[in-house]
Structures are given as C-alpha cells and as structure tokens.
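Hello,

Below is the structure I said I would hand over. My notes on it follow.

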Amino acid sequence: MPDQENYATPDLDIAAMRVEYGVDAGDNHPGLDTDLDESWLADGWEPLLRNWIEHATSAGITDSNAMVLATVEITESGPKPSSRTVLCKGLSPEGVTFYTNYESFKGRQLMATPYASATFVWPALGRQVTVRGPVRRVAAEVTEVYWRSRPRGSQLGAWASQQSRTIGSRAGLDEQWEATTERFAELDVVPVPPFWGGFQIQPETVEFWQGRRSRMHNRVKMTLEPGTTEVSAMKVERLQP
C-alpha cells in the first residue's frame, strides 16, 4: 500500500488557500515592489523576459526557464487543448525555443496545428509571462548545436523513449534504456534522432503579469506585427486584472 502520509487530508481547505501579492516584496527581492510599467517594454519583450528569468534564477528558483506549454488537437467533436511543462532552451527577438520528440503527443499536435501558448510562472516572485503565437520547427543545424550541449544520458534518453506512447511497465522502459545504451556504447558521439528537434514559438502577443494587493494586479501586453521584430511596430497596452 502507498504511504498514506503522502496524501492530503480531507480537512485541507483548498478554496481558502491564497497569497497577498506585493506585500513587502522588496524586502527579499529588491525591485519587486516597483509597479510594472509600460515603459519596461521600451526595448521589446525579449529583454524583459530574459531579465525576469535571470531574476528568478538569482532568487534560487529551480528550473526558472520552465514554462507551461499549451497546444490543441482538432477533433471531430471540436478542439481539445492540452498542456504540460517544458523547458525554454532558446530566447531571441524571433521567439521562444524548446526541444522535444516530434512524434510525441505535443509534437504531433504542433505539426497539425502550429500554434501554441507558453506561460512562465514564478509564484515566489509574483510574476508570470505568457507568450502566444505560431510555431515552426527550428533548422536542423540549430537542433544539432543544442543536442551537442546535452548530457550523454539525456541524449540516450531521447533515443530510448517513444515519448507519449504507452508501455506495459517501468521494467519495459528500463529495458529500452539498457538496449539503447548498448546500441551506442561504441560511439563517442550520439547522433541526433531524426524524430527529435526544436520548435520555436514566434510571438503574436506577450503578456507580463505582476501580482499586487487585493488582486489589483499589473498586466501589460505587447502585440507584435507579424513578420517583424522591430520594436517600433509593437503595440503595448495595459490590461485590467
């Protein structure tokens, strides 16, 4: 039987769980007590997002580059969204890049409907950023460069796992890992799988959110002109919380 101590008690009042954002934020994280302003996007969305990721990293937040990626599957009964957490592995004015198995559930969804939304969330800092836009596969040479930076174990894992496919047991998964390890044992360089690579979200909108007292949060959205990264072509608006 599972350890019952790992389960929440029925007395836990989830509805009562809340945090008052913006209270004494500057005591532990200087700058967080300053209200997010439209002027912060004067140089575009990418410098500010990069700054917030760096701030989260310096604050000791694990996987500060993690983002919740939402995709959609079009079915006969209508669109069905799905989401999961992935790691941002590239950030530029052109977009946000992550890597995956192209034959995974999200990979197949993105190939069929190349549009996505990704949200970076840092609750400890009272900040989040949502990027929405069309998605494209990155060039093979870009994938190759990133692949070479990965630990060998991660490279082997990409080969060993038929991502999102069912498997009978953990033992079966371990067997696939062992077979893959043996397969590439004599190779110093593990090749990039033909079914693996990067996707880039090309932002249409980027929204920055900052928690504030009484749920009067700061929300600033930047809308980008398709096909350009020129800041002068970007529109900045403040949204009500």
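The charged end of R137 sits over the ring of Y102, 3.7 Å from the ring centre. R183 lies over the face of W159, at 4.7 Å from the centre of that ring. A charge is taken to sit over a ring if NZ of Lys or CZ of Arg is within 6 Å of the ring centre and within 35 degrees of the ring normal.

This is a predicted model: local features need pLDDT of at least 70, side-chain atom pairs count only at pLDDT 80 or more, and totals for chains, interfaces and linings use all residues. Residues are numbered from 1 along each chain as its sequence is written, and side-chain values use heavy atoms, with hydrogens and water left out.

On aromatic pairs: rings of Phe, Tyr and Trp (its six-membered ring) pair if their centres lie within 6.5 Å; planes under 30 degrees apart count as stacked, over 60 as edge-to-face and the rest as tilted. The count comes to twelve aromatic pairs. The rings of Y99 and Y146 have centres 4.2 Å apart and planes at 20°, so this pair is stacked. Y99 lies in strand β4 and Y146 in helix α4 (residues 140-149), so the pair ties together parts 47 residues apart in sequence. Helices (H or I, at least four residues) and strands (E, at least two) are DSSP runs, numbered from the N terminus.

Y146 and W196 are also stacked, because their ring centres are 6.2 Å apart and their planes at 10°. W196 is in strand β7, 50 residues from Y146. Separately, W52, F120, W122 and F208 form one aromatic cluster.

Regards
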